[in-house]
Amino acid sequence: MKLSSIRSAIYNKVWHSPKTRLYAFLKGKCDELSHKQRLMVVTALLSVFILIAFFVFGNACYKMGTRQARQTFDIEHIEGIDIQQPVNAIANEVD
């Protein structure tokens, strides 16, 4: 068997088929809902998303305020490197 046929078989078995079944299941369930019920579901999910976003943002701001998010670093300065000059350059300086 070719590698591409094995890869496509695995792709269809693992990703394509379950995704298609899940899509059909969700579409069927959503089609059964009335317009008001759909609106309530969307409103509830949006509200949950907004609350989670506010919680994450507020938690990050709180940690910055209490300095828990900051890490301290010890600064070590770089020292000079001894570079030896070529012998010709030293001879020119003496002259």
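Mentor: Helices (H or I, at least four residues) and strands (E, at least two) are DSSP runs, numbered from the N terminus. This is a predicted model, in which local features need pLDDT of at least 70 and side-chain atom pairs count only at pLDDT 80 or more, while totals for chains, interfaces and linings use all residues. Residues are numbered from 1 along each chain as its sequence is written, and side-chain values use heavy atoms, with hydrogens and water left out.

Trainee: How many helices and strands does the chain have?

Mentor: The chain has three helices and zero strands; read from the N terminus, its elements run α-α-α.

Trainee: What span is expected of α1, and what does it reach?

Mentor: The expected span of a helix is 1.5 Å times one less than its number of residues. With 30 residues, α1 reaches 43 Å from its first C-alpha to its last, close to the expected 44 Å.

Trainee: Where is the kink in α1 centred?

Mentor: The bend at a residue is the angle between axes fitted to the seven residues ending there and the seven starting there. In α1 there is a kink of about 45°, centred on N12.

Trainee: Which residues form the nonpolar patch on the surface?

Mentor: Patches are made of residues with over 30% relative accessible area and no salt bridge; like charges are joined within 9 Å, and nonpolar side chains (Val, Leu, Ile, Met, Phe, Trp, Tyr) within 5 Å. Accessible areas come from the Shrake-Rupley method with a 1.4 Å probe, and for residues only the protein chains shown count as cover. Here I6, I10, Y11, V14 and W15 form the patch, with about 520 Å² of accessible area together.

Trainee: Which residue forms a salt bridge with K27?

Mentor: Side chains of opposite charge can pair when their charged atoms come close. A salt bridge is a side-chain nitrogen of Lys or Arg within 4 Å of a carboxyl oxygen of Asp or Glu. The partner of K27 is D31, with the closest N and O atoms 3.7 Å apart. Because D31 and K27 are four residues apart in helix α1, about one helical turn separates them. A search of the whole structure finds one salt bridge.

Trainee: Is D31 buried or partly exposed?

Mentor: Buried means under 20% relative accessible area, exposed over 50%, and partly exposed in between (1.4 Å probe, protein chains only). D31 is partly exposed at 48% relative accessibility, and K27 is partly exposed at 42%.
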